[in-house]
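Here are a few notes to read alongside the model.

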Amino acid sequence: MATHFHSRALTPSSAGLDPLRRPRRFLPRPRRLSLSLALAPPSPGGSIRCRPGFAPLTARTAAAPRPAAAAAGAAAGEAAKSFHGLCYVVGDNIDTDQIIPAEYLTLVPSNPAEYEKLGSYALIGLPSSYETRFIDPGETKTKYKIVIGGANFGCGSSREHAPVALGAAGVAVVVAESYARIFFRNSVSTGEVYPLETDVRLCEECRTGDTVTIELAESKLINHTTGKEYELKPIGDAGPVIEAGGIFAYARKTGMIPSLAA
Amino acid sequence: MASSAAFSPAAASFAAVKKEFGLSRSVASRPFPSAGKSRKPASKRIVSVMAPQQTERKPAATGSVKNAMTMTEKILARASEKPELSPGENVWVDVDVLMTHDVCGPGSFGIFKKEFGQNAKVWDREKIVIIPDHYIFTTDERANRNVDILRDFCKEQNIKYFYDIKDLSDFKVNPDYKGVCHVALAQEGHCRPGEVLLGTDSHTCTAGAFGQFATGIGNTDAGFVLGAGKILLKVPPTLRFVMDGEMPEYLLAKDLILQIIGEISVSGATYKSMEFVGSTVESLNMEERMTLCNMVVEAGGKNGVVPADSTTFEYLKDKTSKPYEPVYSDEKARFLSEYRFDVSKLEPMVAKPHSPDNRALARECKDVKIDRVYIGSCTGGKTEDFLAAAKVFLASGKKVKVPTFLVPATQKVWMDIYALPVPGSGGKTCSQIFEEAGCDTPTSPSCGACLGGPRDTYARLNEPQVCVSTTNRNFPGRMGHKEGQIYLASPFTAAASALTGYVTDPRDFLQ
């Protein structure tokens with residue numbers, strides 16, 4: 001584990017972070033989030049709460065992936081978000097072959113129809129010891145909006161199909177103790193899922209099917225089934241990138257690159 | 001579990017030394033080359049008649065440094081035109097080579113076109129290398145279509161390096177076709193010291209064996225690089241692995257990297273660079289160095305590097321005409337941690353199911369009955385890997401007891417199997433030795449069943465069997481069946497296991 005290493009010679013805060021998490025030089029600072037907007041009460045229906053006018057994440061995954069995501073991000077503006085729904089709990093070192101087995105990599109994520117199909121195979125590679133399956137038989141979407149994992153989530157290959165499959169299946173947030181580098185980066189680049197971190201071993205605190213709410217602005221996870229509350233690590237400057245729908249959408253939105261002619 | 005494997009008492013010969021300022025004898029003894037001076041014989045072509053450019057006189061590159069840097073820091077400093085860099089800094093880096101393949105190419109092209117425009121041109125048609133290799137010899141229509149998408153894009157963009165395959169019935173009638181991208185990149189001269197190479201594949205880190213920065217990226221980042229030729233990277237801190245001592249004749253680089261991953265766990269190098277130095281590393285040939293760097297991603301590493309030396313320059317001699325400038329870690333460069341090995345005391349290793357850090361000695365697993373052996377992939381399907389396997393079969397003179405599948409990484413490797421004489425065999429080739437041992441005939445070069453792939457992939461694990469494999473990952477389902485069990489091992493150990501039908505220490509045959 002990373003904690004075995006001593007980094008006295010280095011800036012401690014820098015260890016273990018990828019560019020997109022602390023992009024101070026290149027990305028303009030996000031505008032401050034309005035706290036009051038973050039405090040919307042959880043909805044029993046399980047949909048994602050946010051400021052009026054923001055298209056729920058489930059809506060964007062139902063349409064063609066990127067254009068819809070970009071539009072949703074632009075419409076959302078600086079909304080502070082909370083995510084509410086059922087959670088699906090997995091263990092340590094969930095690798096990309098378990099998230100989306102290689103036999104499905106013939107699907108091209110940038111093709112809208114195949115994007116949808118990728119989603120229907122999300123987490124199909126989990127061993128049969130996971131008795132509750134992530135996607136019910138005959139379904140193409142998951143009923144679990146939030147995935148909770150242990151350490152080193154998304155290790156293995158660099159396939160962007162992994163965060164894409166989760167996002168396409170209807171996942172909004174993954175909460176894990178740590179991530180493999182490329183999975184984290186791909187999640188932010190595509191804007192498909194929020195890869196949130198926590199120091200708490202949530203995969204042992206929560207059980208599949210628990211109802212949870214994540215308050216993004218407060219970096220907090222509430223398990224309504226157990227009545228417990230947990231602290232998450234702030235998503236930082238990666239948040240606005242994911243909210244916009246990925247690096248390209250964010251760069252356009254903030255004027256880093258010109259908008260495409262219609 | 002990852003954390004429990006780290007620092008287990010099994011690793012008596014492996015000591016972790018924490019230091020603020022790494023000072024390694026092996027690096028200190030190396031003369032520090034001045035910038036702009038490649039050890040490669042200078043090109044006969046006159047490149048410039050001007051006075052040396054200012055960029056070649058930056059303190060960071062001349063040796064009169066103010067702040068010492070590691071190799072990885074220096075490569076990224078040069079590629080971002082900064083005099084110096086420290087771990088944690090975010091920099092825009094110029095990319096020397098971008099590689100993609102049939103699994104991630106179509107998606108990357110889709111993003112490139114969507115974001116840069118349907119008529120956009122790539123940033124440099126000579127710096128993009130496209131290598132179909134994953135799902136080639138299959139009737140899967142989507143897999144075949146993806147190779148067609150690569151071909152159309154290469155034609156449209158006039159991509160210089162495209163290793164195409166059109167006739168799937170016989171790979172040999174496709175002279176352009178190579179096979180596994182990471183091995184092909186090296187064999188075709190796309191790996192050069194000091195450069196930045198990105199690829200849409202996690203094992204792109206293999207190229208670090210040439211003393212360059214190489215790492216895997218996703219489709220969206222690749223889409224950006226296709227249009228812009230740059231990428232935003234965070235400079236990683238470096239872990240240094242010093243391996244000294246004579247390599248016993250029953251060990252291969254695979255044993256060393258399995259030992260390291262077992263020591264630091266599958267996330268022990270997450271976001272970090274891994275630098276391999278020491279007399280043992282210096283004694284390794286290029287393919288063995290590639291094996292070492294290939295699996296740094298299995299420890300979570302961002303990249304792996306081996307300092308370029310005469311072995312590197314010799315390998316590159318007839319492969320590239322481009323000038324290159326190797327860089328080396330400064331004597332006082334800062335390393336996050338330093339690990340030291342006495343390689344002479346190590347024993348053949350395996351990684352048990354279902355994690356590459358689930359380390360055990362091969363002899364500790366001698367009661368594990370196996371169903372098959374697989375020799376192939378970017379990790380264990382190179383010429384040296386097949387020569388090693390052949391050496392064990394030759395020494396035993398026996399036949400394999402379980403089906404033994406041989407998947408050469410590239411067309412060149414396939415030809416070597418059929419042409420190169422195995423030392424000490426009286427002129428026999430690997431193919432003859434494999435045939436006498438009862439192995440399956442070496443098949444068409446590709447990534448094959450290393451990652452499962454479409455259902456009709458050769459040697460795919462379609463049953464819940466136990467397989468000893470020279471590949472790189474053994475997570476559940478990696479080679480096809482979710483309940484399959486994969487023991488990762490060196491080609492020596494794989495061949496020895498094939499001969500007994502159990503996981504077997506190669507010393508049973510090599511001593």
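1. Let's begin with helix α4 of chain B, residues 71-79, which is mostly covered: nine of its nine residues are buried. Buried here means 20 or more other C-beta atoms within 10 Å of the residue's own, exposed means 12 or fewer, and partly exposed lies in between, with C-beta atoms placed from the backbone. Helices (H or I, at least four residues) and strands (E, at least two) are DSSP runs, numbered from the N terminus.

2. A word on the source: this is a predicted model, where local features need pLDDT of at least 70 and side-chain atom pairs count only at pLDDT 80 or more, while totals for chains, interfaces and linings use all residues. Residues are numbered from 1 along each chain as its sequence is written, and chains are lettered from A and ligands numbered from 1 in the order in which they are written.

3. Just after α4(B), please look at B:E81, which has a positive phi of about 55° although it is not a glycine. B:E81 sits in the loop between α4 and β2 (90-94) of chain B and is exposed, with 12 other C-beta atoms within 10 Å.

4. In chain A, the non-glycine residue A:S219 also has a positive phi, near 50°. A:S219 belongs to the loop between β5 (211-215) and β6 (220-223) and is partly exposed, with 17 other C-beta atoms within 10 Å.

5. One peptide bond deserves a look: B:P353 and B:H354 are joined in cis, with omega about -5°. B:H354 lies in the loop between β13 (349-351) and β14 (359-361) of chain B.
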